[in-house]
Amino acid sequence: MDEELVGYVDAIVYTQPENGFTVARLKEPKKKDLTIIVGYLPGLQPGENVVCKGSWKMHPSHGRQFEVAAFSVESPSDILGIQKYLESGLVKGIGPVYAKKIVDRFGSETLEVIDKTPERLREIDGLGKKKIRQLTESWNAQRSIREVMVFLRSHGASPGYAQKIYKQYGDESIAKVKENPYQLAKEVFGIGFKMADSIALKLGFALHSPERLAAGIEFVLWELANDGNTCYPIADFIPLAAPMLEVEGPFIEKMIQELVKQSLVEQDGMLWLKPYFA
């Protein structure tokens, strides 16, 4: 059974940018010692408040660790957490010295000032227009990353895959996924039809939606190709694909004709993926 840990991130020990795998130290309330947490925690920063669900594991070299299966993050609310957050390198141009100056000036309202009234940062001695602009741009970029990660995780993408999706699409990730999540299977390495389908269905795409049928037909053809079939009789393909895609045969037959018109698949009594036909 999963346990739950709550605390703020004291430090990031290690992170792998490609997939978001992270080792961090967590400070739990009323506990003196820090807890080591490990897992796919993309974008995690020192000072953030985090709720982790997972289980305890014993690492042969590093001892007892908490392996995170799922997590949620809130911006830090206490002054120490806010200062650690700003010191972390999250916001370019702000190191320990300026982080302390900003927190000393604005206290617990620091993040709200940066978010809503960044011009007030001019009250800090040494912070000029250029540095404030750099700080604001970096802050907005990180907020965008967080919004994308939360959206993707809430629709079934694991943190590691959410990281890959963001790396592919950047700030357009949410719009791209909402428009046609099945494109993920073509454009994001490691994401196949089944994962894209899971995300799509959580977004409200119907089983017989054109986007799903088009991607599903190609998926079935690739599965058949993996079994050695460079093409497949159309008469046999439809009753094979219907239960795999959980839709009636006429929907598949109609979509095949549409894909043929678009030159995405070929038919000559047999159904072909374009590369094999070529």
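By class, the lining of the largest cavity has seven nonpolar residues, two polar ones and no charged ones. Here Ala, Val, Leu, Ile, Met, Phe, Trp, Tyr, Cys and Pro count as nonpolar, Asp, Glu, Lys and Arg as charged, and the others, Gly among them, as polar. This is a predicted model, where local features need pLDDT of at least 70, side-chain atom pairs count only at pLDDT 80 or more, and totals for chains, interfaces and linings use all residues. Residues are numbered from 1 along each chain as its sequence is written, and side-chain values use heavy atoms, leaving out hydrogens and water.

A cavity is a set of points on a 1 Å grid over the protein atoms alone where a 1.4 Å probe fits but cannot get out; lining residues have an atom within 4 Å of a point. The volume of the largest cavity is about 30 Å³, meaning the space filled by probe spheres set on the points, which are joined across faces, edges and corners. Among its lining residues are L221, C231 and Y276. Which element gives the most to this lining? Helix α9 does, with three residues. Helices (H or I, at least four residues) and strands (E, at least two) are DSSP runs, numbered from the N terminus.

Now the sheet. Three strands form an open sheet in the order β6-β8-β7, with antiparallel pairing; two strands pair if DSSP finds at least two bridges between them. β6 (231-233) and β7 (265-267) stand at the edges with a single partner strand each, so one side of each has no neighbour in the sheet. β7 and β8 (residues 270-273) pair over three bridges, and E266 stands opposite W272 in β8.

Methods:
On a 1 Å grid over the protein atoms alone, a cavity is a set of points where a 1.4 Å probe fits but cannot get out, and a pocket is an open set with protein on both sides within 12 Å along at least five of seven lines; lining residues have an atom within 4 Å of a point.
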